[in-house]
Amino acid sequence: MGVCFLSARDMNARHADELKAAAARVIDSGWYILGEEVAAFEREFAAYCGVRHAVGVGNGLDALSLILRGYKELGLLREGDEVIVPGNTFIASFLAITENRLVPVPVEPDPTTFNLDPARVEDAIGPRTRAVMAVHLYGQLADMAALSALARQHGLLLVEDAAQAHGASSAGRKAGAWGDAAGFSFFPTKNLGALGDGGAVVTDDDALARRVATLRNYGSETKYHHACQGINSRLDEMQAAMLRVKLKYLDEDIALRRAVARRYLAAIRHPEVLLPTVLDEERHAWHLFVVRSDRRDALQRHLQHHGVQSQVHYPVPPHLQPAYPRLHDVRLPLTERLHREVLSLPMGPTLDEDAVHQVIDACLAFGGAA
Ligand SMILES: *Cc1c(COP(=O)(O)O)cnc(C)c1O
């Protein structure tokens, strides 16, 4: 039996009865957009994160984009302003910035955590810098205490891309509760996944929350009256109902992910398979378990040969993508090296004992010269 990277099917099968009952409730209600399920999920998710507001939107990219758009509407950002962002991230972090005609300033990560390095962020601050977007990559919180202090000192907005980090925390404060605002994704394979697309903006800022809620719904607070030129990006009732079921199990799922990570960290001892650095347990929600190897492609083939699926997050950094020709001259050697070396091993709350063993044995059997 092979080990699959992550099975959304297995994850949802555990709650099939509850999910089906919730779906039936929505079907029978006859109300499918912006109703009681979304309102209830927004309250529950805000409480989970420890913030005042959550606003459900269509997906994680829109969550990030609407935060920046909201700040533009509130007069805190202007076209052409610079936003510091880690060079090693999923392209959505960049797209949210460029969609708003803001300028991404990619910086190199901390080489041990892959997250923003506050010292490098400080070096990148210039006269047009107005915001920092921290990405909690692979599920591990960035150094938010240092980044908050830096943002305060320089009068910058601090936005969290928390799409991979639901439930991670530091000093008891969760992902989403550190920045001025945070964007979450509920893509089916995220730590809190819907059965379709979904996302949320969370914030303690009343004005921003109200603005995002307006923007997601055609710029309208009152039906057919449009305060601004909004978009259509609403979390729907069906997905909110699914998420309300799954939110109840999020902490349990993270505990299961942490148990898998502990096993990997204890058993994978191999000079060519470098393990991730964990600062402390609560800080990592283990969306992905990412190892590094000089011979990444050979390692991936070797694992495949042993029936173990793996993935690369991500093969090409945003600044080298065809989508961003104007960033091709930017040099980020560390970021570029990470993209050549990283490999994500199977990780998830449904990975059983045998599968974990099989992954460990396959890693330990990686050998031979290049
Ligand atoms: C998944 C993800 C997003 C985007 O979420 P979608 O719901 O797919 O739009 C943004 N940033 C990061 C880091 C992600 O992993």
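The questions below move from the domains to the core, the pocket and one annotated lysine of this predicted model.

Q: What domains does the domain assignment give for the protein, and how far apart do their C-alpha centres lie?
A: The assignment gives domain 1, made of 8-107 + 114-247, and domain 2, made of 250-368. They touch each other, with 38 residues from domain 1 and 37 residues from domain 2 taking part in the contact. Their C-alpha centres lie apart by 25 Å.

Q: Which residues have the most contacts inside the largest nonpolar core?
A: As background, nonpolar side chains in soluble globular proteins tend to be buried together. Here the largest such core has 43 residues, and those with the most contacts inside it are F41, F45 and F186.

Q: Which element supplies the largest share of this core?
A: Several elements each supply at least two residues, including strand 3 (103-107), strand 4 (129-135), helix 7 (144-154) and helix 10 (250-267). The largest share is six residues, and these come from helix 3.

Q: What is F45 in contact with, leaving aside its neighbours within four places in sequence?
A: F45 is one of the residues with the most contacts inside the largest core. Setting aside sequence neighbours within four places, its contacts are A54, H166, F184, F186, L192, A200, V202 and L247.

Q: Is K190 buried or exposed?
A: K190 sits in the loop between strand 8 and strand 9. Its relative accessibility is 15%, and the cut-off for buried is under 20%. So K190 counts as buried.

Q: Which residue does the UniProt annotation "active site" cover?
A: The UniProt entry, which is unreviewed, also places the feature "modified residue: N6-(pyridoxal phosphate)lysine" at K190. Leaving aside neighbours within four places in sequence, K190 is in contact with A163, H166, S185 and H287. The "active site" annotation, also from the unreviewed entry, covers K190.

Q: What is the volume of the largest pocket?
A: This pocket is lined by 28 residues, and F90, S185, F187, K190 and Y314 lie nearest its centre. Helix 4 (60-73) and helix 5 (91-99) are the elements that give two or more residues to the lining. The volume is about 510 Å³.

Q: Which residues of helix 5 are buried, and what do they pack against?
A: In helix 5, the buried ones are A92, S93, F94, A96 and I97. The helix is followed by R101, which has a positive phi, near 55°. The buried residues of helix 5 pack against helix 4, strand 2, strand 3, strand 4 and strand 5.

Q: How far apart in space are A16 and V245, C-alpha to C-alpha?
A: A16 lies in helix 2 and counts as partly exposed, at 22% relative accessibility. In sequence, A16 and V245 are 229 residues apart. In space, C-alpha to C-alpha, A16 and V245 are apart by 10.0 Å.

How values were computed
Residues numbered from 1 in each chain as written. Predicted model: local features only at pLDDT ≥ 70, side-chain atom pairs only at ≥ 80, totals over all residues. Heavy atoms only, no water. Core = buried A, V, L, I, M, F, W, Y, C linked by side-chain atoms within 4.5 Å. Buried < 20%, exposed > 50% of the residue type's maximum accessible area, 1.4 Å probe, protein only. Helix = DSSP H or I, 4+ residues; strand = E, 2+ residues; numbered from the N terminus. Contact = heavy atoms within 4.5 Å. UniProt positions renumbered as here; feature names shortened; annotations may be inferred. 1 Å grid on protein atoms, 1.4 Å probe; cavity = no way out; pocket = protein on both sides within 12 Å on 5 of 7 lines; lining within 4 Å. Points joined across faces, edges and corners; volume = space filled by probe spheres on them. Domains from an automatic or database assignment.
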